[in-house]
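Here is a short report on a protein model with its ligands.

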Amino acid sequence: MGLTDKGLHPTIFDDYRIETVDAGWLQERVKPKRHIGLTAELCILCRACEDVCPWECIWMLAPNIVADAESDEVMTLANTASAVFVIDDNECTRCAICVERCPSDALWLGRTSA
Ligand code: SF4
Ligand code: SF4
């Protein structure tokens with residue numbers, strides 16, 4: 001049974017630096033050419049994905065974590081979102097346990113296009 005099943009929640013980090021993942025860099029990695037995607041409209045903000053990740057590399061953060069973004073569109077999204085999801089790509093093994101755990105099918109495993 002995970003922590004969220006007991007009504008407990010992981011610590012919220014607020015000191016993470018958010019950067020755009022370079023697609024070329026991602027393609028060169030030895031990991032499968034896949035990524036974890038989120039359909040935000042389906043997310044119920046339960047944080048079960050954080051709880052279940054064996055590498056503790058997926059976080060649901062407060063929207064004000066985005067202090068400055070390259071694009072106005074991203075800033076607008078951050079200012080109107082309920083949460084910001086971050087996956088540390090250096091740690092994520094694409095095991096998809098978070099995808100299986102998500103109770104609302106908001107998370108999915110997809111392939112990169114190139
Ligand atoms: S795919 Fe696995 S390692 Fe990556 S965020 Fe999900 S649970 Fe964590
Ligand atoms: S497990 Fe699914 S519904 Fe829950 S916070 Fe994560 S993405 Fe959202």
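## Ligand shells

Sorted by class, the shell around ligand 2 holds eleven nonpolar residues, one polar and one charged. Nonpolar covers Ala, Val, Leu, Ile, Met, Phe, Trp, Tyr, Cys and Pro; charged covers Asp, Glu, Lys and Arg; the others, Gly among them, are polar. Of the 13 residues around ligand 2, the nearest are C43, C46, R47, C49 and C102. A residue is near a molecule if one of its heavy atoms lies within 4 Å of it.

## Basis

This is a predicted model: local features need pLDDT of at least 70, side-chain atom pairs count only at pLDDT 80 or more, and totals for chains, interfaces and linings use all residues. Side-chain values use heavy atoms, without hydrogens and water, residues are numbered from 1 along each chain as its sequence is written, and chains are lettered from A and ligands numbered from 1 in the order in which they are written.

## Cysteines

The disulfide count is zero, with a disulfide defined as a pair of cysteine sulfur atoms within 2.5 Å.

C57 is buried at 3% relative accessibility, and C98 is buried at 10%. Buried means under 20% relative accessible area (1.4 Å probe, protein chains only).

## Fold

The protein has four helices and four strands. These are DSSP runs: H or I of at least four residues for helices, E of at least two for strands. From the N terminus the order is α-β-α-β-α-β-α-β.

Conventions. Buried < 20%, exposed > 50% of the residue type's maximum accessible area, 1.4 Å probe, protein only.
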